[in-house]
Amino acid sequence: MSSIGLMDGAFFVGRKEIVDWINNTLEISIDKIEDTCSGAIACQLFDIMHPGTVAMHKVNWTANKDFEYVANYKVLQNAFNKAHIDKFIDVDRLIKGKYQDNLEFMQWFKRFFEMSVNDKGDYDCIGQRSRGKGGADYVGGKGKKDAKPTVKRTVSAASTTTRKPVTTSNTKENTAPTTTTTSSSATTTSKVNSNNTSKINSNKTNANVKSQPTASNAEMIALKQTNENLTKQFNEMKLELDGLITERDFYFDKLRDVEMLLQELEDNGKGNELTNNIFKILYATADGFETQNKSEEETETQQSDVVEEKINANNIETNNNPVSIAEESET
């Protein structure tokens, strides 16, 4: 299986197709190629191809450190050796979590898988995965559950207001006249009533003031939710764009290497019909570009014609007036 070269069709499979294939095969949900850098996914894919060769109980699905990644790849390498698979695993590059390295390894693995088995049959992905550390809870890149938001309860001022009982005591001595006692108690009662009335009014005012911004609070919550959704969409689109750019650069470099190899053959006189046909494919223009290139060439030709006509006109004028030119030089 190590004979699968870089020019094999396996290495022209896109990122999205690889991610979907892994998710459908292993019944998980990873988001990106970099999620395969731990080696655990490769171990289970090989366990489907060669049951019993992978020590699934040694696979660490919660690995997040380099030495834990290395341990998983050792399990995979041992399984390769048992199945007599001659394939070198560049562990030092894979555990760094770089997109390109893990993409090429998974492209090779997909091609290897398709050449070995037609489907996974009755293979129990979850059961086999649960034999390893953290495998029972592993669902891929989206396995972490979001923490539940904490709800803060606010207690209104009206409910916390405590009313003190009003007690009316007569500080006058029993020997005081009856009229004086009656007037003082009446005065005290009126003051207490007025204080209670002012407190009730102030509580109503505070309650009204606090109830007014309810609508604006709802609008702020809706705006924050909208902002969070837009930010999430932006981050997803940015991640998708970064992946497409990396994938584009990867294939461009491959084509550039092919072009340089063919050019070297041409320079050494080893070109043939096959190299010519490959050159035609490399230099073929897509629909919509050929017309634009022709129009640009016509514009450049017209501009060069105009310049040439001006030069010819100047030469003719110079030949017709040789005397004036000599006089100007003497002057």
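## Crossing of α1 and α5

Helices α1 and α5 are oblique to each other, a word kept for angles that are not under 35 degrees (roughly parallel), over 145 (roughly antiparallel) or 65 to 115 (roughly perpendicular). Helix α1 (residues 15-26) packs against helix α5 (residues 99-116) at an angle of about 55°, and their axes are 10 Å apart; axes are lines fitted to C-alpha atoms over the stretch in contact, and angles run from 0 to 180 degrees between N-to-C directions. Helices here are DSSP runs of H or I with at least four residues, numbered from the N terminus.

The model is predicted, with local features needing pLDDT of at least 70 and side-chain atom pairs pLDDT 80 or more, while totals for chains, interfaces and linings use all residues. Residues are numbered from 1 along each chain as its sequence is written, and side-chain values use heavy atoms, with hydrogens and water left out.

## Residues at the contact

On the α1 side, R15, E17, I18, W21, I22 and T25 meet Y99, L103, M106, Q107, F109, K110 and F113 of α5, contact meaning heavy atoms within 4.5 Å.

N102, a residue of α5, counts as buried at 1% relative accessibility, where buried means under 20% relative accessible area with a 1.4 Å probe and protein chains only. Beyond its neighbours within four places in sequence, N102 contacts I33, T36, C37, Y73, L94 and G97.

In helix α2 (residues 40-49), 10 of the 10 residues are buried, so α2 is largely enclosed by the rest of the structure. These buried residues pack against α1, α3 (66-82), α5 and α6 (125-129).

How values were computed: Helix = DSSP H or I, 4+ residues; strand = E, 2+ residues; numbered from the N terminus. Buried < 20%, exposed > 50% of the residue type's maximum accessible area, 1.4 Å probe, protein only.
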